[in-house]
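Hi,

Here is the structure I promised to pass on. Have a look at it first, and then read on for what turned up.

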Amino acid sequence: MKIRKGFVLEEVGDSFLACATGKLAREFSGFIKMNETGAFLWRALSSGDKTEDELVAAMLGEYDISESIARADVSAFVANLRANKILED
């Protein structure tokens, strides 16, 4: 899975906002607010096709957290992106 083309991520203060651009903005007119961890996962998904297991491994390499927490965070983040039709499989 990866982020659909036409979505961008911008840092605004202490938060990150993802929104659609161009024609895609007609389909998705809001934005997704996320923290640094969400932005980390977003960037990983923007850099190429990734599985949930690869995202969990990336989080474990970047943050001092347990695998169960990383897996739960990745699962919730991916579910949110899927619900908003931001991911391509």
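A quick definition before anything else: a residue counts as buried when its relative accessible area is under 20%, as exposed when that figure is over 50%, and as partly exposed in between. Leucine 24 has a relative accessible area of 10%, so it is buried. Please keep in mind throughout that this is a predicted model.

Staying with leucine 24 for a moment, you'll find it in helix α1, which covers residues 24–27. Which residues does leucine 24 touch, once those up to four places away in sequence are set aside? They are Arg4, Lys5, Gly6 and Phe7.

Serine 15 is another one to click on. It sits in strand β3 (residues 15–20). Its relative accessibility is 18%, so serine 15 counts as buried too. Apart from neighbours within four places in sequence, serine 15 is in contact with Glu10, Lys33 and Met34.

Now the helices. Helix α2 (residues 36–46) packs on helix α3 (residues 52–62) at an angle of about 130°, and their axes are 11 Å apart. That angle makes α2 oblique to α3. The crossing of α2 past α3 is right-handed. On the α2 side the residues involved are Thr37, Phe40, Leu41, Ala44 and Leu45, and they meet Leu55, Ala58, Met59 and Glu62 of α3. Sorted by class, this contact has 7 nonpolar, 1 polar and 1 charged residues.

Helix α3 also packs on α4, again at an angle of about 130°, with the axes 9 Å apart. So α3 is oblique to α4, and α3 passes α4 in a right-handed crossing. From α3 the contact uses Glu52, Asp53, Leu55, Val56, Met59 and Leu60, while α4 brings in Glu67, Ala70, Arg71, Asp73, Val74, Ser75 and Val78. By class, the contact of α3 with α4 has 7 nonpolar, 1 polar and 5 charged residues.

What are the buried residues of α3? Leu55, Val56 and Met59. Looking down the axis of α3, these buried residues fall within an arc of 100°, so they line one face of the helix. As a reminder, an α-helix has 3.6 residues a turn, so residues three or four places apart point the same way. The buried residues of α3 pack against α2 and α4 (67–83). On the other side of α3, Asp53 and Gly61 are exposed.

Two last spots to look at. Arginine 82 lies in helix α4 and is partly exposed, at 37% relative accessible area. Not counting residues up to four places away in sequence, arginine 82 touches Met1, Leu87 and Asp89. The C-alpha atoms of arginine 82 and isoleucine 3 are separated by 9.8 Å, although the two are 79 residues apart along the chain.

Then there is lysine 85, in the loop between α4 and β5 (87–88). Its phi is near 55°, a positive value in a residue other than glycine. For context, most residues other than glycine have a negative phi. With 55% relative accessibility, lysine 85 counts as exposed.

Cheers

Note on methods. Residues numbered from 1 in each chain as written. Predicted model: local features only at pLDDT ≥ 70, side-chain atom pairs only at ≥ 80, totals over all residues. Heavy atoms only, no water. Axes fitted to C-alpha atoms, helices over the stretch in contact; angles between N-to-C directions. Helix = DSSP H or I, 4+ residues; strand = E, 2+ residues; numbered from the N terminus. Parallel < 35°, antiparallel > 145°, perpendicular 65-115°, else oblique. Left-handed = near helix turned anticlockwise from the far one by under 90°. Contact = heavy atoms within 4.5 Å. Nonpolar A, V, L, I, M, F, W, Y, C, P; charged D, E, K, R; others polar. Buried < 20%, exposed > 50% of the residue type's maximum accessible area, 1.4 Å probe, protein only. Arc of directions from axis to C-beta.
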